Amino acid sequence: MITLKFAQPTNESQQIEERLKELSLAYQTVSNLSSKQVELADGITTVQGYEAIQNYLDQLSGELNQWYYCSC
């Protein structure tokens, strides 16, 4: 399960949550008062910062689309 961590909800964290919902990914949010920026943890992968998280979600989206349209 993906964990989204942030000190307090912001426009950026809300946009990331919307993106996770659009991709139908299971996630949880955690309030982390020591976080200076939004952070996403997915298994052993941790990504920090809005742009880096969006890039990571772009990559996941591509993988999901390939899997969905796989004709194997």
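This is a predicted model: local features need pLDDT of at least 70, side-chain atom pairs count only at pLDDT 80 or more; totals for chains, interfaces and linings use all residues.
Me: Which element gives the most residues to the largest nonpolar core?
Reply: The largest nonpolar core has 15 residues, and Leu-4, Ile-16 and Leu-20 are among those with the most contacts inside it. At least two residues each come from β1 (2-6), α1 and α2 (50-68). With five residues, the element that gives the most to this core is α2.

Me: With which residues is Leu-25 in contact, leaving aside its neighbours within four places in sequence?
Reply: Leu-25 is one of the residues with the most contacts inside the largest nonpolar core. In general, nonpolar side chains tend to be buried together in soluble globular proteins. Once neighbours within four places in sequence are left aside, the contacts of Leu-25 are Ile-2, Leu-20, Leu-57, Leu-60 and Leu-64.

Me: Is Ser-24 buried or exposed?
Reply: Ser-24 lies in the loop between α1 (11-22) and β2 (27-31). A residue counts as exposed when its relative accessible area is over 50%. Because Ser-24 has 66% relative accessibility, it counts as exposed.

Me: What is the phi of Ser-24?
Reply: Most residues other than glycine have a negative phi. Ser-24 is a residue other than glycine with a positive value, and its phi is near 55 degrees.

Methods
Residues are numbered from 1 along each chain as its sequence is written. Side-chain values use heavy atoms; hydrogens and water are left out. Helices (H or I, at least four residues) and strands (E, at least two) are DSSP runs, numbered from the N terminus. Buried means under 20% relative accessible area, exposed over 50%, partly exposed in between (1.4 Å probe, protein chains only). A nonpolar core is a set of buried Ala, Val, Leu, Ile, Met, Phe, Trp, Tyr and Cys residues joined through side-chain atoms within 4.5 Å. Contact means heavy atoms within 4.5 Å.
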